[in-house]
Amino acid sequence: MATANKICSLGRRIYRFAASVSGVIALLIMLWGCTANDFNAGAIAWKTYSNSRYGFEFPYPSNWTSLAASENGDGIAFISPQNNSVQIRGWASQQLPNDRESVKKIKSNFQTAQGVSGVLVVKVDQRGGSMRLIVTQSPVKYYWQGQSKSQDFQDYYRLFYYIAQQYRIPKS
């Protein structure tokens with residue numbers, strides 16, 4: 001009986017170890033896909049979206065389709081021709097007085113090619129994956145986001161990152 005318990009206990013430990021190793025391997029494969037150097041921005045035909053209300057702009061693949069622009073002119077969204085669950089969008093808004101205090105607590109972790117600092121947040125969960133850039137230039141808060149289904153996110157990570165780097169706001 002004691003031998004059977006030891007064998008079962010050993011089996012459970014081996015199973016837990018294998019499960020944790022497979023989880024780490026899956027995570028490493030996913031991260032490797034996100035950092036693969038197979039993205040070539042020069043191979044893509046680009047257009048530039050320019051927002052007339054807030055003055056921000058960003059490139060997008062020329063074959064992507066724009067969704068209806070917002071009535072108030074604060075931004076736009078584009079969808080991929082291959083997969084309509086893949087979207088990029090940019091928008092801006094006036095900061096509310098209490099919002100200005102909360103922004104000071106968030107540290108910048110990203111810099112655009114223009115030299116503007118911002119916060120880049122990447123989230124991947126069961127519902128999907130997203131990359132969001134937030135740039136604050138008082139009194140305006142600028143946003144750019146790329147999103148896809150979680151299983152497709154590694155395929156679009158480099159594209160999203162490139163566009164976030166190219167995001168531009170009016171010089172202050």
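The protein chain holds three helices and nine strands. Helices (H or I, at least four residues) and strands (E, at least two) are DSSP runs, numbered from the N terminus. This is a predicted model, in which local features need pLDDT of at least 70, side-chain atom pairs count only at pLDDT 80 or more, and totals for chains, interfaces and linings use all residues. Residues are numbered from 1 along each chain as its sequence is written, and side-chain values use heavy atoms, with hydrogens and water left out.

From the N terminus on, the elements follow the order α-β-β-β-β-β-α-β-β-β-β-α. Seven strands form an open sheet with antiparallel pairing, in the order β3-β4-β5-β9-β8-β7-β6. Its edge strands, β3 and β6, each pair on one side only. Two strands pair if DSSP finds at least two bridges between them; β5 and β9 are joined in the antiparallel sense over eight bridges. Gln 94 has Val 140 in β9 as its bridge partner.

| Strand | Residues |
|---|---|
| β5 | residues 87-94 |
| β9 | residues 140-148 |

Gln 114 sits in the loop between β6 (110-111) and β7 (117-124). Gln 114 counts as buried because its relative accessibility is 17%; buried means under 20% relative accessible area (1.4 Å probe, protein chains only). Leaving out residues up to four places away in sequence, Gln 114 touches Tyr 167, Arg 168, Ile 169 and Lys 171, where contact means heavy atoms within 4.5 Å. A polar atom of the Gln 114 side chain lies 2.8 Å from the backbone oxygen of Ile 169.

Of the 172 residues of the protein chain, 37% count as buried.

Notes: Buried < 20%, exposed > 50% of the residue type's maximum accessible area, 1.4 Å probe, protein only. Polar contact = N/O pair within 3.5 Å; in protein donor to acceptor, adjacent residues only side chain to side chain.
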